[in-house]
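Visitor: Could you walk me through this model? I shall ask as we go.

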Amino acid sequence: MTESIKTGAAVGEPVAASPAPTAFLEVRDLRVHFPTDDGLVKSVDGLSFSLEKGKTLGIVGESGSGKSVTSLGIMGLHTAGQYGKRKAQISGEIWLDGTELLSADPDHVRRLRGREMAMIFQDPLSALHPYYTIGRQIVEAYRVHHDVDKKTARRRAIEMLDRVGIPQPDKRVDNYPHEFSGGMRQRAMIAMSLVNNPELLIADEPTTALDVTVQAQILDLIRDLQKEFGSAVIIITHDLGVVAELSDDILVMYGGRCVERGPAEKVFYEPRHPYTWGLLGSMPRLDRDQQERLIPVKGSPPSLINVPSGCAFNPRCPYADVPKDNITRTVRPELTEVGGRHWAACHMTQEQRERIWTEEIAPKL
Amino acid sequence: MLAYLIRRLLAVVIMVLVVLLATFTVFYMLPKWAGQDIAVLFAGKATGAEQVEGIRTKLGLDEPLLVQFWEFVKGIPMGRTFANGNDVTECPAPCFGYSFVTEEPVWDTLKDAMPVTLALAAGACVLWLAAGVATGVVSALKRGSVWDRGAMIAALGGVSLPIFFTGMVAMGIFVHSLGWVHVEDSLSTDDSIGVWFETLLLPWIVLALLNAAMYARLTRATMLDVLGEDYIRTARAKGLGERVVITQHALRSAMTPILTVFGLDIGVLLGGAVLTESTFNLPGLGLAAVQAISSKDLPVILGVTLFAALAIAVANLVVDLLYAVIDPRVRLG
């Protein structure tokens, strides 16, 4: 944490031991570890970010980078209803609108879930209960937080279904999830999560399980609803195209940590971390020349039990030997500011990274 | 839904007819193949050749098998008259055959035995469902705890111990040593509810213990599966309390596999809990079957088999219909 204090108290940068955050959502040094037979899995290991109302943060990374674990951590779903001995170990601070969630009473956090913060999941078919009608599930979500009779709640459910673009909502409200198409199910899921006007909406890979033709519609819907409700939105995805369209800020995760964070246009047009370059290189684009191939990130995601020493990305990084004295393999790089509100964690100097980006990477994209 | 119901009912009728044909063939042809004269079996050993021929004519055993089968099926709704000259025996509808060992229609034997088996099954299944499911749910929620391990070891014991052992031990302790329970030698519909209750109490518990153990393990495994489902996470993400998540979201899904096994178990049980009834000397279908087998009373064996098959078929039909009630996705099929 000392490092981050040094690097600045600019907007969004975590400041240790200051209990009154100004941001709507502020996550400080979040760590989520899971004890297993093979060792401690450090799914999230020191993550900090903040988010204002009405803004959208895109969290990007490959499978196992800790994106979903982070979102479940904010929702308090690592501890709620987790039975058995092996509980997730969570530390750090999560401030939501002035309340620190990790130290708060679990029942208080439960009452915030669904009302203050809501979540949309990846696969709406498995995320909706197969035995209950769409209407019943939305009504349930509404009545948990509002003391109203079933009729009122049902009207509200129909109104929400209508709002998310489901035709004939007064009829469809009595359908079961299996009677909906994939896109409709995700719309219903969004209706359910927005029924209580939450101020924070977390969308965990909201379009991954959907047809490509439907993906754009769902993203448009999320954007429209955000404008209408003014909520803060976190979009979690491995698809840079998704965040490019929606996000104000982008946070790139690797091995449970943030490797680059900044305004979307900065991360896209002036990325300062080799992993982000890799992500951009492996994104298919129509305007790319046919002869040119995708540039994949070589190797596989790091083990979260034995995280590589030094920079977690070093075994896969083509530039690991650019910094001197083998430092990439011994010292873990901290996030340093590389521009206005733009941070990256890399041992290469600013000049080295700028040169590699403009001369070697950008021309190939 | 109606088409579904009709289709299922039709399937039950066909299944029962197939079972009937198969058992009928086995019971009437097997002795012949084994070189035994079925008329001799019916008549008993110490009878003359003339009497044997008389019985053969009276029961129609000289007719081809298909004719005999048809007469049997026809007898169920219409009743039958067995006659050989002046020797006439009436078997009123529903006629499931006539036993020459007990000298009464098979239906009378079944009719007397059914209430006992029904009462035994009804009481036991309520007990084992309640105990088994509750234990299983608590075990799943406290996975890995002392309670969970203890319950699962106890359940393993419950599954492993045969009913004639637990039954004997229970009788020895509670009836003979402590004298807490007074047991009647036999039960009839004339006896009071109190007598039935007291006589059936130990059989209920012993039978329930065996099944509860199995249901506890099944419920635990199913609950653990369901608790890992995405929609359970969704339910929590909505801010629902844990009690609602468990009872309304998890348990409802967990009921489907439990119901499947329950349908089979109750069907088998209604056909006669042979071991329990023998151990406790309860005059139910199981005991009737055992007695019929030891006295080679073919018509009664056939009758009990038929009834058992019918019980299983009906229980499965009810389960299938309940599926449709529980799981809306089944209603499409």
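Visitor: What do the buried residues of helix 12 of chain A pack against?
Guide: They pack against strand 3 (56-60), helix 10 (240-246), strand 9 (249-254), strand 10 (257-263), helix 11 (264-269) and helix 14 (350-361) of chain A. Helices (H or I, at least four residues) and strands (E, at least two) are DSSP runs, numbered from the N terminus. Two residues are in contact if their C-beta atoms, placed from the backbone, lie within 7 Å.

Visitor: Which residues of helix 12 of chain A are buried?
Guide: They are A:Pro274, A:Tyr275, A:Thr276, A:Trp277, A:Gly278 and A:Leu279. Helix 12 of chain A runs over residues 274-281 and is mostly covered, with six of its eight residues buried. A residue is buried if 20 or more other C-beta atoms lie within 10 Å of its own, exposed if 12 or fewer, and partly exposed in between, with C-beta atoms placed from the backbone.

Visitor: Before we move on, what kind of model is this, and how is it numbered?
Guide: This is a predicted model, in which local features need pLDDT of at least 70, side-chain atom pairs count only at pLDDT 80 or more, and totals for chains, interfaces and linings use all residues. Residues are numbered from 1 along each chain as its sequence is written, while chains are lettered from A and ligands numbered from 1 in the order in which they are written.

Visitor: How many residues are in contact between chain A and chain B?
Guide: In chain A 27 residues are in contact with 24 residues of chain B. On the side of chain A that touches chain B, helix 3 (106-112), helix 4 (124-127) and helix 5 (134-145) of chain A each supply at least two residues. The largest share, four residues, comes from helix 5 of chain A.

Visitor: What classes of residue are on that side of chain A?
Guide: It has 13 nonpolar, seven polar and seven charged residues. Here Ala, Val, Leu, Ile, Met, Phe, Trp, Tyr, Cys and Pro count as nonpolar, Asp, Glu, Lys and Arg as charged, and the others, Gly among them, as polar.

Visitor: Turning to chain B, what is its secondary structure?
Guide: Chain B has 13 helices and four strands. Its C-alpha trace spans about 85 × 55 × 40 Å along its principal axes, and 37% of its 333 residues count as buried.

Visitor: Which domains does the assignment give for chain B?
Guide: The assignment, whose bounds come from an automatic or database source, gives domain 1 (26-95) and domain 2 (106-332). The C-alpha centres of domain 1 and domain 2 of chain B lie 38 Å apart. Their contact takes four residues from domain 1 of chain B and five residues from domain 2 of chain B.

Visitor: And how do helix 7 and helix 8 of chain B cross?
Guide: The axes of helix 7 (residues 163-177) and helix 8 (residues 193-227) of chain B come within 10 Å and cross at roughly 140°. Axes are lines fitted to C-alpha atoms, for helices over the stretch in contact, and angles run from 0 to 180 degrees between N-to-C directions.

Visitor: Which residues make that contact?
Guide: Among them are B:Ile163, B:Thr166 and B:Gly167 of helix 7 of chain B, and B:Leu202, B:Ile205 and B:Val206 of helix 8 of chain B. By class, the contact has ten nonpolar, two polar and no charged residues.
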